[in-house]
Amino acid sequence: MAGKILVSGAPGKVGTELVRLLANRGVQLRVLVHHVERSGEVSHPGVEVVEGDLTDAAGMRGALRGVETLFLASSASDGQVAVQAAAIEAAVEAGVGRVVKLSAYGAAEGSSVPFLDWHGQTEETLRRSGARWTLIRPYLYMQTLLMNVPTIQAQAAIFNCGDGSRIPFIDARDVAECAAAVLTSDGHDGAVYELSGPASLTWPEVAASIGAMLGRSVRYVPVTADAMATALSESGMPAWLVNSLVALMKFHKRDGGRVTRTVDTLTGRPARALAVFLRDYAPAFESGQPARA
């Protein structure tokens, strides 16, 4: 049985499901949240929920007390390099033996994609920290497709600059299952796990699948990178996020969308197909209401 684990980045796409999985396994578990009063999604019998912030050194000392492994994740932001560096430093100072970082496929220092550059910087910080480490690098989450719900509902269309790309989208629940497997077993030190879904899909294929689930046609409409950036900016999205999303679409067009079988290896079963995700999240696509998957 694993020693006590501190999970950061919960609630979140991966964190909420990860906490549920670990709680069901009876793992000694502490969850770091920003606001305890909003922590219902990660409240389970036997799970200790503490309020804090990864950059709060004093608070982290308490949160990390008695912890053997830190699951390191945080919300994407233009300050995430400093946030995660502070968490790694606090973990090392607290004597935490292992850090499992939720990163991203393609993470590399100097990447033209801000997200991937930031993750790459943090990976290097972790490698130099002296702690045992494991990196989990998923492709784009299927859950990010929910960002297209407004245009799907209003115009029966998905608009972006990803024309020509192939992406092996992965369900965040599969990422959580892989993380749970890594956190509760040995033999993962120094490993870099690249996670994908079972098929590399084009945007027209994604749109057609969503349409089939909804029972009506949904088109993919390619736009220029500039047009996508303008639309995202006009929606109120901050500049750093706009730049990252547009650069990420360009990255996936170059990448080619390699399918891995790492989910199979770590969990003993195939990754969820897009059709399964769409079935489980159908209410969110149909009405914009949160899914109960």
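These legends describe close-up views of a predicted model.

Residues are numbered from 1 along each chain as its sequence is written, and side-chain values use heavy atoms, with hydrogens and water left out. Because the model is predicted, local features need pLDDT of at least 70 and side-chain atom pairs count only at pLDDT 80 or more, while totals for chains, interfaces and linings use all residues.

**View 1. The whole protein chain.**
The secondary structure comes to 12 helices and 9 strands. Both are DSSP runs, numbered from the N terminus: helices are H or I with at least four residues, strands are E with at least two. The C-alpha atoms fill a box of roughly 55 × 40 × 35 Å, taken along the principal axes. For 293 residues, a compact globule would have a radius of gyration near 19 Å; the protein chain has 19 Å, so the two agree. That radius is taken over C-alpha atoms, and the globule rule is 2.2 Å times the number of residues to the power 0.38. Of the 293 residues, 52% count as buried. Buried means under 20% relative accessible area, exposed means over 50%, and partly exposed lies in between (1.4 Å probe, protein chains only). Among contacts with a separation of 6 or more, 74% join residues 24 or more positions apart. A contact means heavy atoms within 4.5 Å.

Helix H1 spans residues 15-24. Of its 10 residues, 8 are buried, so H1 is largely enclosed by the rest of the structure. The buried ones are Gly15, Thr16, Glu17, Leu18, Val19, Leu21, Leu22 and Ala23. Their cover includes strands E1 (5-7), E2 (29-33), E3 (47-51) and E4 (69-72), plus helix H6 (172-183). Gly26 follows H1 and has a positive phi, near 75 degrees.

**View 2. Two backbone features in loops.**
Most residues other than glycine have a negative phi, and most peptide bonds are trans. Ala10 and Pro11 are joined by a cis peptide bond, with omega about -5 degrees. Pro11 sits in the loop between E1 and H1. Ala156 has a positive phi, near 55 degrees, and is not a glycine. Its place is the loop between helix H5 (149-155) and strand E7 (157-160). Ala156 counts as partly exposed, because its relative accessibility is 23%.

**View 3. Helices H3 and H4.**
H3 (residues 80-93) packs on H4 (residues 114-128) at an angle of about 20 degrees, with the axes 9 Å apart. Axes are lines fitted to C-alpha atoms, for helices over the stretch in contact, and angles run from 0 to 180 degrees between N-to-C directions. The two helices are therefore roughly parallel. Angles under 35 degrees count as roughly parallel, over 145 as roughly antiparallel, 65 to 115 as roughly perpendicular and the rest as oblique. From H3, Gln80, Val81, Gln84, Ala85 and Ile88 meet Trp118, His119, Gln121, Thr122, Thr125 and Leu126 of H4. These residues divide into 5 nonpolar, 6 polar and no charged. Ala, Val, Leu, Ile, Met, Phe, Trp, Tyr, Cys and Pro count as nonpolar, Asp, Glu, Lys and Arg as charged, and the others, Gly among them, as polar.

**View 4. Helices H8 and H9.**
H8 (residues 225-234) and H9 (residues 239-255) pack at about 150 degrees, with their axes 9 Å apart. That angle makes H8 roughly antiparallel to H9. H8 brings Ala225, Met228, Ala229, Leu232 and Ser233 to the contact, and H9 brings Val242, Leu245, Val246, Met249 and Lys250. By class, the contact has 8 nonpolar, 1 polar and 1 charged residues.
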